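This report describes a single protein chain and its features, from the overall fold to individual side-chain contacts. Please consult the sequence and model shown here while reading.

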Amino acid sequence: MRDTLLGGLTPSDFLTRHWHKSPLRVQQAIPDFLGLLTPAEIKRLATHPTVQTRLILRQGKRWVLRHGPFRPIDFKTLPDKNWTVLVQELNHWVPEGEALLREFDFLPHARLDDLMVSYAVPGGGVGPHFDSYDVFLLQGFGTRRWGIAETEDLELLPDSDLKLLRRFSPQAQWDLEAGDMLYLPPHCAHDGVALSECFTYSIGFRAPTYQEWVEAFLDFLRDRLQVEGRYADPDLNLSVHPGEIPLALIAQVDRMLRQQVRWTHQQVAECVGRYLSEPKPHLFFEPAEESLTLEAFGLRCLQQGLQLDPRSRLLFSGKVFYFNGDRFELRRKGATQMRCLADTRKLSAGAMDPEFMKVLYDAWQAGWIKFFDSRIERLSHRA
Ligand code: SIN
Ligand code: CO
């Protein structure tokens, strides 16, 4: 991590003082940062059929939200003020996006969501709102005025898809220029308005709700619980009200559930690993086009090294690995190499443990990893 990123704070000072607690504005967090895209590039990206994109247009007090993908003509008919276009998962589309995320490697990949970019013309923005997760807002080209408020008053405007705040009065206001950054903890109200044509890069973190965890865990358990036995009532009492459910029946089911629906810490760890490494449902991998034998694959790894596909999520806990929702274990050298791949998302050229190599080979065939390519191909995924 570069020294300037947190304004001179060490990552551990930042975690103690700001993470999940209070906003931090950093001037020149990434000096000379001008951004990763031009206006023409983001508009072109927003026309791609699988990109997740939104356009927000302010017309007086009215806010209009449109979902992409857009047609080039959609941008030609927009006014020259008061709109913004946002593209999610820029790190999947631009190699430099992936490199930018690596600046935040002092935080666990398990918490990282994606890199979003917004392009706005003067007056453009998404309106006053709050997010339920932590975010770093890194200013690219142009100037954006951010107002923030740490307030309990988070009431939303009714009937708005945009989840805008009913009331917002900033307690602090800053004009962010290229390379400046603002960290906001969850629920900090904010509003960023473009003062000039500008780009903002949002490094967003994921924080599933407890409801999501519970649903994920119940799904996980359902697939694994094997329960023996069947309802039995040898001491059945005479029915006075045959329409009534006997209390003893309910009590027996209650007792059985408490005895049978149990889980271990290991199962929780597995559910968490699988859940957090599962790619989002709209993401698909293209299997490798080349066909190589395991031996030829090994040779290429030796010469070229590997990198994760930007859509891949690889996490671990000890020697247990979770790769795009799959779980497996590796031993000794293989585990060390796999941990290195998970931490850095790449592996330098060199000899690899045979057990590890087999896992890599399958992952390569599925399109989850690629041979290392140092060329920066701007918008290489774009059709
Ligand atoms: C934006 O880039 O305009 C919105 C980012 C945010 O407020 O979270
Ligand atoms: Co926000």
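## Overall surface and fold

The chain exposes about 21,000 Å², of which carbon and sulfur atoms supply 54%. Accessible areas come from the Shrake-Rupley method with a 1.4 Å probe, and for residues only the protein chains shown count as cover. This is a predicted model, in which local features need pLDDT of at least 70 and side-chain atom pairs count only at pLDDT 80 or more, while totals for chains, interfaces and linings use all residues. Residues are numbered from 1 along each chain as its sequence is written, chains are lettered from A and ligands numbered from 1 in the order in which they are written, and side-chain values use heavy atoms, with hydrogens and water left out.

There are 10 helices and 17 strands in the chain; these are DSSP runs numbered from the N terminus, with helices (H or I) of at least four residues and strands (E) of at least two. The C-alpha trace spans about 80 × 65 × 45 Å along its principal axes. Of the 383 residues, 44% count as buried, where buried means under 20% relative accessible area, exposed over 50%, and partly exposed in between (1.4 Å probe, protein chains only). Among contacts (heavy atoms within 4.5 Å) between residues at least 6 apart in sequence, 79% join residues at least 24 apart.

## Cobalt site

His-129 (NE2), Asp-131 (OD) and His-190 (NE2) coordinate the cobalt ion (ligand 2) at 2.1 Å. Donors are N, O and S atoms within 2.8 Å of the metal (3.2 Å for Na, K and Ca); water is not among the atoms, so sites may look incomplete. The spacing of the donor residues in sequence is H-x1-D-x58-H. Asp-131, in the loop between strand E5 (112-120) and strand E6 (135-139), and His-190, in strand E10 (residues 189-194), link distant parts of the chain, 59 residues apart. Both Asp-131 and His-190 are buried.

## Salt bridges

The count of salt bridges comes to 25, each being a side-chain nitrogen of Lys or Arg within 4 Å of a carboxyl oxygen of Asp or Glu. One of them joins Arg-102 and Asp-105 (3.0 Å, N to O); Asp-105 is partly exposed, at 32% relative accessibility.

Another salt bridge pairs Arg-111 with Asp-134 (3.1 Å, N to O). Arg-111 lies in the loop between helix H4 (95-102) and E5, and Asp-134 in the loop between E5 and E6, so this pair ties together parts 23 residues apart in sequence. Arg-111 is partly exposed, with a relative accessible area of 22%, whereas Asp-134 is buried, at 0%.

Glu-155 and Arg-167 also meet in a salt bridge (2.9 Å, N to O). Both lie in the loop between strand E7 (144-149) and strand E8 (172-176), so the pair ties together parts 12 residues apart in sequence. Glu-155 is partly exposed at 37% relative accessibility, as is Arg-167 at 40%. Elsewhere, salt bridges that share partners join Arg-224, Glu-270, Arg-274, Lys-319, Arg-327 and Glu-329 into one network.

## Nonpolar surface patch

A nonpolar surface patch of about 680 Å² is made by Leu-225, Val-227, Tyr-231, Val-253, Met-256, Leu-257, Val-261, Trp-263 and Val-268. Patches are made of residues with over 30% relative accessible area and no salt bridge; like charges are joined within 9 Å, and nonpolar side chains (Val, Leu, Ile, Met, Phe, Trp, Tyr) within 5 Å. Helix H6 (residues 247-260) gives the most to the patch, with three residues. Leu-257 lies in helix H6 and is partly exposed, with a relative accessible area of 42%.
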